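Please open the structure in your viewer and keep the selection tool at hand.

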Amino acid sequence: MTVTTPPGRISTLTDDQEHVLKQVWMYLLHFTGYTVNQTGPLVTHEHVPNPAAKKKGGLFGKLKRKKEEDQLTRVLSHNSSIDPAVRHTTDIKVHHALKGLDAKSTEIALWDSLRQDNIDNFILRFVRARKWDIDNTLLMLAHSIEWRYKESKVDEILRNGELHAFLEKKEGVIKQFKSGKCIIHGKDKKGRPIVIVRPRYHFSSEQTFEEIEIFTLLLIEYARLMLDEPIDQCTLIFDLHGFTMANMDYDPVKYMIKAFEAHYPESLGILLIHRAPWIFNGIWQIVKNWLDPVVASKINFTKNVKDLEKWIDPSQLIEELGGTDTWEYNYLQPTPEHNGLAEKDEQKQKAVTEERERLKKEFIKKTIEWIESTDLPTSKKLLQEKMALSDKLSENYRIFDGCIRNRGFYDRVGDIKL
């Protein structure tokens, strides 16, 4: 299987897209206390205007030059405002989307949200979701960052893992894992991990809503840990075989939709609603109104294995879905011996953490140089250097993960390979 890098990622950006990413980074870095000088348009030597030529051409010449200047000049967003609580080190305004956030918490949450993924590609998820609009990107990103460190505490949940839920007697979390109501197994024809939701095993009385949130976030984050560039999305199958109204619970559905749309944008490849019974028709009329058009466009209804084979090879489908994979889900209860940290050597933990901080500082320094570059060849060269540092950060995370995150079920069965 040959996997190509889709458009809109750090290695496939157009010049205009690269400029949008620069501005997003500029606002984020400035807000979190770094000095970033605002620069003008990037030009090559071929693009430098000829002063003598400006005097020629009449009205049509002026219109042509104006069009060229508009194409070259990328202005900052107009929807920004000054936050008097922030000491400014540059003439860049603090974007209105960032007002009200704590600068230090924002920086920590941004870096804590990373796994082995490329940090630029993480940010570009939000940029693409907001169609390359800088203002809307920053609004979405700011909301999601605040959600991570203030509301959901998702990174803490991931680091604690199932073991913490077991030791803290959050029985509803463990019960959901045992039930197999949502499992991750196999890959589709594009190499995307397959998440299978089986609502027939869900009963609202068996767990609290908080426990549903913890379970949902753990599964989403586990799926993230199974992604490797350039694969950055998952396939989701809602298998409604055996579903009855006793299994219907609107709140978890709303929560999952909100999580994907607001906090994990561009993470869904396709969503297959499989073997839906007739009673689902009325439910669908309600649920489809909650969906963002982009998410809705990725939904397909399937009835049998032949329908699924359009996206998934039978060898990657478990037998209950009509495939040939004999794998069966049997949950292994977490224990401190099997589900603690992979790396318990404190000296190694310290060394890996210090290396991550060093790489982060280098990456930020290189990103600032890239933002401030004033010609296209230099900008492209710095982008390549920045991407190389990002690769090092990704490799560092594969070791760092073992120092900070308790192992889970998918580590034990070998589906998470960090």
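Rings of Phe, Tyr and Trp (its six-membered ring) count as a pair if their centres lie within 6.5 Å, and a pair is called stacked when the planes are under 30 degrees apart, edge-to-face when they are over 60, and tilted for the rest. By that rule, a search of the whole structure finds 17 aromatic pairs.

This is a predicted model, in which local features need pLDDT of at least 70 and side-chain atom pairs count only at pLDDT 80 or more, while totals for chains, interfaces and linings use all residues. Residues are numbered from 1 along each chain as its sequence is written, and side-chain values use heavy atoms, with hydrogens and water left out.

Select Trp 111 and Phe 363, which form an edge-to-face pair at 6.0 Å centre to centre, with 85° between the planes. Trp 111 belongs to helix H3 (residues 103-112) and Phe 363 to helix H14 (residues 346-372), so that the pair links parts of the chain 252 residues apart; helices are DSSP runs of H or I with at least four residues, numbered from the N terminus.

Both Trp 111 and Phe 363 are buried, a word used here for under 20% relative accessible area, with exposed meaning over 50% and partly exposed in between (1.4 Å probe, protein chains only).

Finally, select Phe 177, Phe 215, Tyr 222, Trp 327, Tyr 329, Tyr 331, Phe 409 and Tyr 410, which together form one aromatic cluster.

In the whole protein of 418 residues, 50% count as buried, and there are 16 helices and five strands (E, at least two residues).
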